[in-house]
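Subject: Structure handover

Hello,

Here is the structure I promised to pass on. Please open it alongside this email; my notes follow below.

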Amino acid sequence: MTTAEKFAKYVLPTYAQFAVAPVGGQGTLLWDAEGNRYLDFCSGLATCTLGHGSNALSKAVTKQAAELIHCSNLYQINKQAELAECLVEECLQLPGKVFFGNSGAESNDGLIKLARRFGHARPDQNGNARYEVLTFKNSFHGRTLGSLAATGQAKVQEGFDPLLPGFRHLEFNDPDELAAAIRPETAAILLEPIQGEGGIRLAERDFLLAVQRVCKENDLLLLLDEIQCGLGRVGGMTCWRRIAPELKPDGVSWAKALGGGFPIGSFWISERTIDDDATPLFSVLGPGSHGSTYGGNPLACAAALAVLREVLDNDLPHRALDLEVHIRQEISSWNHPGITEVRGMGLLLGIGLRATNLNIPDGVVPSLHLSRNLAAAGLLAPPAGGDTIRLLPPLTVSDSEVKEALEVFKAGLDALL
């Protein structure tokens with residue numbers, strides 16, 4: 001049987017997959033079993049920071065696997081301590097503590113649990129525990145029951161009701177609605193500085209500052225989901241600082257780029273005090289309050305350390321900024337009738353499509369149609385919503401690969417005119 005036939009027979013069909021079956025890769029390139037070559041501008045959905053094949057990540061995983069793959073978090077794992085230090089001191093540069101899990105959804109679940117615990121520690125004026133987390137329409141925070149309820153997209157929630165209570169989804173970039181939405185039970189606000197699955201939509205600077213102001217005025221936690229936009233891809237190790245450097249979050253979640261393709265997630269909690277006894281916020285998740293069997297094991301942490309060291313030591317965020325400028329200039333020079341705008345930062349870019357100027361079959365999602373055509377032409381560029389194509393290459397992508405990818409992209413658009 002072919003790979004496609006085995007998928008059809010044995011694998012749960014939870015993904016609408018493309019007709020691409022990679023078996024190997026190096027850098028930005030992937031190959032299938034027939035030798036077809038692809039430029040990977042998907043990068044595992046902003047995950048494969050260093051690309052594929054032999055690199056610092058694969059070498060670190062190989063070395064660590066021969067020494068120690070796993071042991072329980074009942075014991076102290078040296079690589080976990082090193083990774084937490086790197087995240088706090090070099091990436092965030094804010095005091096606090098880190099928990100390690102296996103995915104972005106788990107990381108956001110951890111922030112949701114933090115909000116619940118905080119709401120017990122800081123109840124409302126009547127002594128009732130606060131529990132509500134405000135999120136935003138078109139957000140995406142994961143597919144576990146907790147992170148799914150936080151997500152502001154009805155299409156991914158359909159059929160899973162009743163959802164976990166305690167969430168409301170507000171209009172993104174609307175500070176007035178946010179200020180009017182606070183209730184006695186509200187404990188936290190959770191948002192993506194750039195909505196990735198929602199179409200590469202940036203939070204506006206004034207909106208982020210308004211969120212921070214509302215949090216301070218109402219004793220709420222400010223929680224940031226940087227799973228798709230954090231750790232280098234947008235031109236800085238933190239995304240929010242590229243938009244509003246004055247922001248001081250209470251919690252931040254990561255995954256994707258953290259492991260460069262190896263499964264690991266984490267979240268950070270600040271040390272801000274929450275009472276007159278100077279109790280730090282991170283203390284609300286003490287022994288027994290949270291856990292993960294595999295989270296932060298030696299192999300995962302060795303992988304993440306290798307990725308972060310490459311990103312930091314080689315200043316890959318700066319390279320992402322340089323490539324963003326080039327990509328924007330090139331696309332702007334086309335003056336293409338099928339493009340509305342380029343959104344995003346660094347190498348987290350969304351190309352808006354003007355479907356009315358493109359020959360798209362009736363009933364077909366424009367972004368999905370173009371993405372399939374591009375894959376057939378050798379460029380993997382995933383959709384984000386119905387009218388946006390993402391460009392998410394590894395941060396190590398070469399200038400020539402960017403040039404080739406843009407040529408394929410333009411040819412794919414031109415074919416739809």
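Predicted model: local features only at pLDDT ≥ 70, side-chain atom pairs only at ≥ 80, totals over all residues.

Strand 11 and strand 12 run antiparallel and are joined by four bridges.

Strand 4, residues 96–101, pairs with strand 12 in the antiparallel sense, over six bridges. Here Phe100 stands opposite Ser266 of strand 12.

Is strand 12 enclosed or open? Six of its six residues are buried, so strand 12 is largely enclosed by the rest of the structure. Buried here means under 20% relative accessible area. Gly265, Phe267 and Ile269 point one way from strand 12. Ser266, Trp268 and Ser270 point the other way. Both sets are buried.

Now the loop. Gly261 lies between strand 11 (251–254) and strand 12 (265–270). Gly261 is partly exposed, with a relative accessible area of 48%. Which residues does Gly261 touch, leaving aside those up to four places away in sequence? They are Thr47 and Lys256. Pro165 is another matter: Gly261 and Pro165 are 96 residues apart in sequence and 32 Å apart in space, C-alpha to C-alpha.

Next, the whole protein. It has 14 helices and 16 strands. The C-alpha atoms fill a box of roughly 65 × 55 × 45 Å along the principal axes. How does the radius of gyration fit a compact globule? For 417 residues, such a globule would have a value near 22 Å; the protein has 22 Å, which agrees.

Buried residues make up 53% of the 417 residues. Take the contacts between residues at least 6 apart in sequence: 69% of them join residues at least 24 apart.

Last, surface and charge. The protein exposes about 18700 Å², and carbon and sulfur atoms supply 51% of that area. There are 36 positive and 48 negative side chains. The centres of the two sets lie 2 Å apart.

If you open one region, start with strand 12. You can trace strand 4 pairing with it over six bridges, and strand 11 joined to it by four.

Best wishes

Definitions and conventions
Residues numbered from 1 in each chain as written. Heavy atoms only, no water. Helix = DSSP H or I, 4+ residues; strand = E, 2+ residues; numbered from the N terminus. Rg over C-alpha atoms; globule rule 2.2 N^0.38 Å. Buried < 20%, exposed > 50% of the residue type's maximum accessible area, 1.4 Å probe, protein only. Contact = heavy atoms within 4.5 Å. Areas by Shrake-Rupley, 256 points an atom, 1.4 Å probe, with all protein chains shown as cover. Lys, Arg positive; Asp, Glu negative; His and termini not counted. Charge placed at Lys NZ, Arg CZ, Asp CG, Glu CD. Pairing = 2+ DSSP bridges.
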